[in-house]
Amino acid sequence: MPSANPRALALAAALLACLPAAVLAGYDKPPEPLLGLMHAPLPAIPMLDPTRSRMLLVEQSQYPPIARVAEPYLKLAGLRIEPANHARHDASSGYGIRACLKSFTVEDVASHKQLPVTLPADACPSAPQWSPDGRRFAFANTTKERTELWLGDALTGQVRRVEGVWLNPVMEDDVQWLHGSDSLLVKQVPANLGAAPKVSETSGPEIKESIGGKGESSTYEARDTLGSPEDEALFEYYGTAQLAVVDAASGSVKAVGKPGVLAGVSGAPDGEHVLVETLKKPYSYVTTYERFARDVSVLDVRTGQSTAIASLPVADRVPVRGVPVGPRDFDWRANAPATLVWPEALDQGDWKVNVPQRDKVMLWSAPFSGKPQEVARTTQRYSGMRWLAQGDEPFVYEYDANKRWIRITRIDVAHPSKPARTVWDYSMDENYKQPGSLLMQQLPNGARVVRQEGDYVYLAGTGGTPQGDRPFLDRYALSSGRTERLFRGDGADHYESALAVLPGGERFITARQSPAEPPNLFLHALGAPVSDAKPGEAVFASSSEAITHIADPTPQVRGIAKRLVTYKRKDGVELSFTLYTPPGYKEGTRLPAVLYAYPQDFADPSKAGQVSGSQQKFDLLRGYRLLLLSGYAIIDNASFPIVGDPRTAYDTYVEQLVMDAQAAVDKAVELGVVDRERIGVTGHSHGALMTANLLAHTDLFRAGVATSGGYNKDLTPFGFQNERRSLWQAPKVYEQASAFFNADKIKSPLLIMHGMDDANPGTEPVQSPKLFQAIRGLGGTTRLVMLPHEPHWYTAMESNEQEVYEMLTWFDKYVKNAAPKAAAKEQGKAAP
């Protein structure tokens, strides 16, 4: 087995040796009872097997220790790789480290018999993957030296390590079931990989080049893209993987194909063909590995033969929110042995180009001789197919980025000349009349298809209403297009959503929760038709019984009350927020408050005002919500819509932010709960920009806390959030939206926090120090807290404790205990 880079290992050892004394000494903790809640266990998460006869109850920790988060890693092409064990440091989202789960328990659904799973000491397991037959589960276990493959027996609860397998999880797809439940396809670290490339003590210049050509690109943190031949060598070393097939019964391991820098890997339903995307040079120095050049091929795991499908160039000039030209997003047809499906852009991948159809859809079946067949063209951007277990008529999804619209059709791939039949056509922002999502099932061969019983398929949705979400389960008749409602959560005492329909279609499983009860599974049985069912309600009665009995780990905080509040802003757009009050609150008492929001973009003002969320959900107190235990009211998830044509909506961005904030504050004060003189505001990422802008353009808030924001939009010149124009096309929009250029107007105290390793495009760590320097230089009150080792979302327990400590201290000083506004203004005038 290869060894890690000696220099990196030495550095890691040195850092870890001094870590407890060095890093823990600099962190602060919030007081009790906030601190106790942050260390409380989380409710177990039930994971049903594909047959719905068993489940795994999975427990996880709230936060890992800083020692785990601070482990040294390399930044290579958007990947964060730990050289000590050849593992991925961050999660697939790139927003936090790969989490370690605490424990597994197998439970039989019918009998409720539980089998505890004994994990190895100091285990760091990933989320388990059920085999299609529900008899086994597989998971990766990350150790200090490597990532192991483990298999579990659902009948006994016993687990075992598969010997001779060193997984390579760097570009994911490292473990997946293949050929039903008989075997697994894994990515391994090649046995003969050797030592890591040596890194020179001194580095040369970092050089990027562009010779002609025009094309936009997202703005990435420079340290996360490749920057030198040394980076390329390290990227190839840690990205190189060997595919292997593992026999689930015997544990035998058979290498298949050749080693390569393997990105996407996916097994076909027949269990014999595997789609492989192999990255190749030249690598780009301006984008991440997802856009690197690649060869797409199909590997036959029986014979080891590989068939070329496509050779794709580097795609580092793709328009923002566009797609690459040529074949993309390869997938397997779910109800055929080995047929590939993929789209190709007809508009150069650019939404700004006007064409009658944006994509064509291609099919190609094994043995991949001849040419692929075009089976459809979509008016808007193709975004996937959902296949039935049999037949040639999948559901085809497409979306319109300009109108924010979704269209779902059915096509006949056996007769491509037949016109598509529209099934659902609705706004992406629709909440009240949204048709729901098709429920899926896993076939014995592992393929995922639409759940079907005879003529019916099933849809589950959130079921938005003006009073909050009431999830539903519908069945849709394929022959007639008629929809019947089988279930509707009552919304009065709990929040209940449908998860699965069982064979026969007469029983289904839901997850039910309430403010006092964490999510638990329930089994429902359909009863007699309801003769007087109201529109939108279930047309069948149903009975239910509990499957799980997961307890509330923090019953001491259930004295917190919440209510859904609706109101309007001055232009008539309907809005809402959830108002939380602390334990023991007496009605009519005016409280200090904190408003939290995240601006959302809407093309249609009628959709912007639709209520979403439910006051019947079980809440875990985290971050700003913990301030409830210190006597604050929380104006939570306040609607902050930015309404208008997506191509020009940000012309009025600041104006709409101010209207949103004014309406929310006025309503909270009108309710008699919130003290207008003592309101703070906070937000994360795009919400952090909102926070800074509200302090600059209103006097509604006494102080703000902005976390991981991007405050100077000139640093993301090819678009931000849903602004599609470049800086050179709309310079005033970029300037007006940037809190940095309005720092002279920020007179209320602003606490700025940021993770020092944030790789999220647009919120690079430099953004926060620059805003801090501007406010400080202009005489404002501000504080900057940079959290070591943290990405966009803060991961470590110590970092989260620091965040809550900072937020509480800041708001206590400048909001809860602030002098009345009139007195504060007089003090400001008297200051030199």
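The model is predicted: local features need pLDDT of at least 70, side-chain atom pairs count only at pLDDT 80 or more, and totals for chains, interfaces and linings use all residues. Residues are numbered from 1 along each chain as its sequence is written, and side-chain values use heavy atoms, with hydrogens and water left out.

The chain contains 11 helices and 47 strands; helices (H or I, at least four residues) and strands (E, at least two) are DSSP runs, numbered from the N terminus. Its C-alpha atoms fill a box of roughly 85 × 80 × 60 Å along the principal axes. Because a compact globule of 832 residues would have a radius of gyration near 28 Å, the 27 Å of this chain agrees with that expectation. The radius is taken over C-alpha atoms, and the globule rule is 2.2 Å times the number of residues to the power 0.38.

Of the 832 residues, 56% count as buried, meaning under 20% relative accessible area with a 1.4 Å probe, protein chains only. Contacts (heavy atoms within 4.5 Å) also describe the fold: among those between residues at least 6 apart in sequence, 59% join residues at least 24 apart.

Helix H9 spans residues 767–777, and its buried residues are Gln767, Ser768, Pro769, Leu771, Ala774 and Ile775. What do the buried residues of H9 pack against? Their partners are helix H7 (686–697), strand E46 (750–755) and strand E47 (782–787). Just after H9, Gly779 takes a positive phi of about 90°.

Methods
Buried means under 20% relative accessible area, exposed over 50%, partly exposed in between (1.4 Å probe, protein chains only).
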